[in-house]
Amino acid sequence: VEDAKILDLFWERNEQAVKETDTAYGRRLYALSNKILGNPEDAEESVSDTYMETWNTIPPKRPKYFYAFLAAVCRNLSFNKLDWRMAAKRSAEVVALTQEMESCIPDRRQDAEMDRRELRRILESFLESLPRESRLIFLRRYLYVDTIAEIAARYHISESKVKTRLHRTRKKLHTYLEEEGICI
Amino acid sequence: MTGKDLLIVLGDISHKYYNEAEMETVAAVSTRKSIRRSMLIAAVIALTLLLVGCAVGYACGWLTSFFTAQSGEPLSSEQVSYIERNEQIIGQSQTRDGWTVQVKSAINDGRTAYIILGITAPEDVDLESSGADEYYLSGAFADLVSNSRHIEEGSGHAGWVRDDDGLSNTLDYMIRWEPMEKKGMPYPFGPDVQWNIHIENILCQRENTEYLLELLNGKYKGQDNVMFTEEETDKLYQKEIIAEGVWNFAFTFDQSSSGIELLSSPVTVKGYASRNANEVSDSYEDVLITSFTLNTFSAVIHHEADACVTFTAPENGEVAAVMRDGSEIEISHWSASRDTTELNSNIPIVLSEVDHIRMPDGTVLPMPE
């Protein structure tokens, strides 16, 4: 069923909307959540919560990109549910990602709190400044929590190319945050 | 701020990025050949058009191509028509050290301006493949002087964009700039405002591939999350001046415009208010807005919250311009001061086609009669 029809079902308050969403996107959402949580039961619960949140949000909303909307909700809910200490114990992928992100933060701002929406604006501006290929690789890694091997397979490029692209992009983000810090 | 915070906040970015990363199943790398083929075809078509005397039509296509790429889908006929009517061809060009910088064209809505530069490198430089990654223009791109004042404060973005001309040694460079909104001040762009662009040297920062492979196959063999040391990074990426010289341009906008005020009386809408820059979470509260001015590329909200206010909904909703045909254009939060919130659109909003503005809390602001 097309996204527009699923959205119509949500707007009509028809519970079939949730079933159709699950059929179309359930597996992808589960995979995303499981990458973050590393626990099938918690991942299933996050996907259910995603549907509940979607049901409560549409209407009044009518997202332009339906899967993107679902993925954003699912990602945020999964991170809210994540037990970071347990993740560290089992050396989860998400812990590696936080270490990689750590390298993007200029030293002098390690302790500084930032307004979340201001940071979001900076990140979006940074993403716009990237070449498309680098942006896609960066987003697959840090938004969708893909492994290096998954990204390489997805884009038919070598793993070392993925690694170097990511490294270069992280370095650019470091510089970008540093420069933005001057005027904030 | 920690790496964990950064990773989590990344989840707040616009849905268009989620969509892009999900829908683009083949990366630019693997499509480069076909893109090049299509660019060649485009170049042949452009050449044919030139031969039959339609050069003006092609010249005015720079900004249309740019905004189409920004949108990710075809622009409406009204948007294309707006760009064609308002694109100001500048055509200034200077060559230094074998590199030509041309100020191609500009467009502004009174408070936001886009300037597109065309960069032509010597023929043996493949800018198309590596420009965005390796080459940097250094200098000041947005020095504005009006008859009455020097406009210093502002924010913007500059970066490489494809020019689709089929030549590997050329690439476009887009500058977006908006001076900071000050309540009661006139719109910054207009016929009396001179824009100065000062470029000093073109730099190249290449990856030292040999050293990189040495690291990946040696010290970091088998590691997924490679973290090079500062010393290694410096050795991996060294900047060098590839073209030495100064490119100076000055031009004046040939038109001015003003936005449309949507409010005849104050309205209360919900927004996130921040009264302390170090607050971790802001309060989601009623805000009395006294003015909502809609422009082609932006919107400005004045309010009485005495706080920096972000007009988004808890689930990441943005302000939307709802067009007469039912389509929507997102107008995203850009910056906020104690009484003003500025929003941006990355594609033109044709004001005559707007039916209403929908705030993230569902409040509808109709267009004036």
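Me: Is A:Arg120 buried or exposed?
Reply: A:Arg120 is buried, at 7% relative accessibility. Buried means under 20% relative accessible area, exposed means over 50%, and partly exposed is in between (1.4 Å probe, protein chains only).

Me: What should I know about the model itself?
Reply: This is a predicted model: local features need pLDDT of at least 70, side-chain atom pairs count only at pLDDT 80 or more, and totals for chains, interfaces and linings use all residues. Residues are numbered from 1 along each chain as its sequence is written, chains are lettered from A and ligands numbered from 1 in the order in which they are written, and side-chain values use heavy atoms, with hydrogens and water left out.

Me: Back to A:Arg120. Which side chain does it meet in a salt bridge?
Reply: That of B:Glu318, at 2.4 Å from N to O. A salt bridge is a side-chain nitrogen of Lys or Arg within 4 Å of a carboxyl oxygen of Asp or Glu.

Me: Where do B:Glu318 and A:Arg120 lie?
Reply: B:Glu318 is in the loop between strand E14 (308-310) and strand E15 (319-323) of chain B, and A:Arg120 is in helix H7 (residues 116-129) of chain A, so the pair joins two chains. Helices (H or I, at least four residues) and strands (E, at least two) are DSSP runs, numbered from the N terminus.

Me: And B:Glu318, buried or exposed?
Reply: B:Glu318 counts as buried, at 9% relative accessibility.

Me: Why do such side chains pair?
Reply: Side chains of opposite charge can pair when their charged atoms come close.

Me: What does B:Glu22 meet in a salt bridge?
Reply: The side chain of A:Arg140, at 3.0 Å from N to O. This pair also runs between chains: B:Glu22 is in helix H2 (residues 15-23) of chain B, A:Arg140 in helix H8 (residues 132-142) of chain A. B:Glu22 is buried at 9%, and A:Arg140 is buried at 5%.

Me: Which residues share that network?
Reply: Salt bridges with shared partners link A:Arg28, A:Lys35, A:Arg140, A:Asp146, A:Glu150 and B:Glu22 into one network.

Me: How many salt bridges over all chains?
Reply: The count is 20.

Me: What about A:Arg170 and A:Glu100?
Reply: They form a salt bridge, with the closest N and O atoms 3.2 Å apart. A:Arg170 lies in helix H10 (residues 159-183) and A:Glu100 in helix H6 (residues 93-102), both of chain A, so the pair ties together parts 70 residues apart in sequence. A:Arg170 and A:Glu100 are both buried.

Me: Is A:Cys74 buried or exposed?
Reply: Buried, at 0% relative accessibility. B:Cys204 is buried too, at 1%.
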